Structures are given as C-alpha cells and as structure tokens.
Amino acid sequence: MENLESMITRLILTVLLTASTVANAQAPASKWPTQEGSYDIANFHFKDGETIQKLHLHYLTLGKPHRDAAGHTDNAVLLLHGTGGNAHSLLNPIFSDVLFGPGQPFDITKYFLILPDDIGHGESSKPSDGLRMKFPQYDYDDMVASQHAMLVEGLHVDHLRLILGTSMGCMQSFVWGETYPQFADALAPFACLPVELAGRNRMWRHMAIEDIKHDPAWQNGNYTTEPVEGLRGAMDLLIVAGGAPLQLQKNYPTRAQIEAYADKTIATDIAHTDANDFIYYVNASRNYNPAPRLSTITAPVLWINSADDFINPPELGIAEKLVTQIPHAKFILIPISDATRGHGTHTAAAVWKQYLIKFLAETEKKQPK
C-alpha cells in the first residue's frame with residue numbers, strides 16, 4: 001500500500017509537471033540573461049598522448065561569482081549536459097524555469113551557474129571543425145580535465161558549490177568526484193551508472209557507430225555530404241534508447257501518429273548532426289569506469305535515476321550495490337509515473353526538485369558564529 005507521504009508527493013509532482021510544459025522535451029530554451037564566454041587551452045594533452053594545438057572551449061554563465069572570506073568561490077554550480085547536447089541544453093524550460101528563478105534551488109541572484117559546451121559539442125572544438133577523424137580521440141577524463149582548466153584558468157573559479165550532471169554529465173560527475181575530490185562541496189549525478197559501459201548500453205552505442213561507418217558515403221570520415229543512411233540507423237537507436245514508453249504510447253496512440261513522430265524526429269536530428277562528431281561523442285564513454293575508485297569520492301552525492309530509463313535499467317541492480325561503496329551517497333530511484341520521461345527524466349526538474357532542495361540544505365556550509 002502506498003503511504004500518505006508518497007501519495008502526497010506523487011500528487012504534487014503531477015500538478016507541477018502539468019503546470020510545466022513537460023510534454024515537449026525539446027521545447028525552446030527560455031530567455032535567460034546568459035553571458036557567453038570561451039577559453040582556449042594551448043597544446044592540450046589528451047590522456048592517450050595526443051595533443052591539439054588549441055582546444056577551444058565555449059560556455060554560458062548566469063549570475064555572478066561570490067567569494068568567501070578566504071577568497072574562494074562559494075556559489076558556483078557546474079551544470080553538465082548529456083551526449084550530443086550543448087550549453088543550451090539545460091536552458092530547456094522544464095529544467096531552467098523550475099530551478100533558476102527567484103527563490104528556486106539555483107536562483108541566479110544567488111548562484112553563479114556555468115554551462116559548458118563539452119569537447120566535441122556545441123561551439124567547442126570538435127571533429128567537424130576541420131580535423132574530422134584526425135581529431136584527438138577524447139574521452140570523459142579529457143572532458144573533465146578540460147572543464148577543470150576552463151574553470152580555474154579561464155573563469156578563475158577555484159571551488160564549486162555543486163556539480164549537477166545529466167546523462168553523460170552524470171558520468172562526468174563521478175569522474176570529477178574521483179579526480180578532483182576536494183573541488184566541489186557536493187555532486188548530483190542524474191541518469192547514469194558508475195560502471196564500465198557494457199551489456200545493452202555499450203551494444204546500442206557500438207551499433208550506432210557501426211551504422212555510420214558501414215555507410216559507403218562515410219568514406220572513413222572524409223565525406224562531402226553527410227552519410228544519411230548511416231545517420232538514420234544511428235538516430236533510430238538513439239531515439240529508442242532515450243524514449244519513454246508510457247509517454248510515447250500516451251502521446252502517439254495510433255500507428256499513423258507514432259510513425260509521423262518518428263519520421264519527423266529522425267529527419268530533424270539528421271539535419272542537425274555531423275556524422276564524425278556523433279561517432280566521437282558516442283564513443284567518448286568507451287574508457288569510463290569509476291567503479292574501482294568509488295570509495296575515494298569524499299563529497300556528498302545525490303544520485304538519481306528513473307525506473308523507465310532504457311539506458312540505465314534498474315533491473316540490473318547496479319546502483320543499489322555500488323552506492324554503498326561511496327562514503328556519503330544517497331541513491332534515489334524515481335518510480336515510473338506520468339511525470340517521468342524515461343532517460344530524459346534527468347531534465348524534468350519538477351520530478352526530483354524536492355530531493356535537490358533537501359540535498360542543498362544538507363550540504364550547505366555552516367557559517368562561523
């Protein structure tokens with residue numbers, strides 16, 4: 001039987017999600033007073049030994065940095081997007097409108113929000129800039145190292161109040177916790193598992209990459225026009241992996257409706273995707289495996305997944321096992337409901353906002369009397 005507290009929470013979430021425009025996960029970004037910036041790293045060294053003469057990193061910020069009595073930044077929040085996203089991804093209204101306003105968890109009059117374009121994404125350096133398949137084969141360790149350099153050297157941010165990462169950003173949050181254990185007060189990884197990508201998760205990624213590489217038009221990355229058929233196969237897999245069955249059935253209840261949705265979505269995604277960039281950012285997770293060092297993460301962790309996530313299926317039982325290895329971590333599995341959005345629940349902030357509010361309060365540093 002559902003207890004009274006969970007019933008009330010579920011009802012509140014339903015109302016909140018109805019009030020938000022959650023039906024459209026690709027809604028236009030809200031108009032926030034963002035500031036654009038960029039930082040160039042000369043002769044950036046990648047983990048595998050490759051070097052690029054100039055690594056260009058683009059980012060957006062909201063709010064202003066604040067420093068404590070010792071001169072350290074104490075209000076900076078790093079918001080990390082998912083695979084194929086960019087700095088604008090978390091300006092989606094179902095995320096930003098719920099979190100950035102006055103009195104909200106990431107009130108921009110209180111916090112300094114930093115939203116980077118990761119390597120290979122947005123306006124940061126990527127294969128499609130010209131190097132194509134000669135671009136260094138970056139991975140998550142390289143992405144986190146470049147984020148750290150951008151913060152410290154470019155933005156002069158020497159400490160973070162929080163790192164919140166979604167999907168790929170979720171995985172990077174675990175890498176941050178192990179690589180720079182004292183840099184952030186807290187970590188909020190949403191929609192991932194801290195293990196090597198194997199099983200179905202690596203399988204669909206591998207299949208998507210191979211779809212592109214087996215298209216004759218790809219020409220080992222030296223195409224003059226995009227390898228459309230390869231991209232179509234890759235997008236098919238990506239859409240299925242990120243989909244929410246309950247919502248797809250609800251919003252497209254007939255064969256004609258779902259086929260029209262699929263055709264439109266695939267065509268739109270192909271038109272905005274470079275094949276080489278896609279190969280790189282989907283493959284960037286190939287070396288990811290924080291599991292052996294989870295015990296070194298000293299920052300408090302709020303780890304949230306949703307039960308309808310195809311990419312991180314709860315039946316694997318991985319999260320419940322591994323959360324015990326992180327000294328100060330709490331794992332929450334959001335049950336399937338009309339409020340969840342499959343893997344995309346990581347962006348539907350109304351679903352998990354109450355947990356974030358509590359976590360921020362619990363990890364707030366006590367001011368000396």
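Reader: Which residue caps the N-terminal end of H9?
Author: In this predicted model, Asp274 is the cap, with a side-chain oxygen 3.1 Å from the backbone nitrogen of Asn276.

Reader: Which other backbone nitrogen does the side chain of Asp274 reach?
Author: The side chain of Asp274 reaches the backbone nitrogen of Asp277, at 3.0 Å.

Reader: And where does Asp274 lie?
Author: Asp274 belongs to the loop between helix H8 (255-271) and H9.

Reader: What is the nearest side chain of opposite charge to Asp274?
Author: That is Arg132, 6.9 Å away. Asp274 is buried yet has no salt bridge, since a salt bridge requires a side-chain nitrogen of Lys or Arg within 4 Å of a carboxyl oxygen.

Reader: Which residues does Asp274 touch, leaving out those up to four places away in sequence?
Author: Asp274 touches Ser128, Tyr223 and Glu226.

Reader: A change of topic: in what sense do S1 and S2 pair?
Author: Strand S1 (residues 35-45) and strand S2 (residues 51-62) are antiparallel, over 10 bridges. They form a hairpin with 5 residues between them, and Gly49 in the turn has a positive phi of about 100 degrees.

Reader: Which residue in S4 stands opposite Leu60?
Author: Leu115 in S4 stands opposite Leu60, while Glu36 also stands opposite Leu60 in S2. S2 and S4 (residues 112-116) pair in the antiparallel sense over 4 bridges.

How values were computed: Residues numbered from 1 in each chain as written. Predicted model: local features only at pLDDT ≥ 70, side-chain atom pairs only at ≥ 80, totals over all residues. Heavy atoms only, no water. Polar contact = N/O pair within 3.5 Å; in protein donor to acceptor, adjacent residues only side chain to side chain. Helix = DSSP H or I, 4+ residues; strand = E, 2+ residues; numbered from the N terminus. Buried < 20%, exposed > 50% of the residue type's maximum accessible area, 1.4 Å probe, protein only. Lys, Arg positive; Asp, Glu negative; His and termini not counted. Contact = heavy atoms within 4.5 Å. Pairing = 2+ DSSP bridges.
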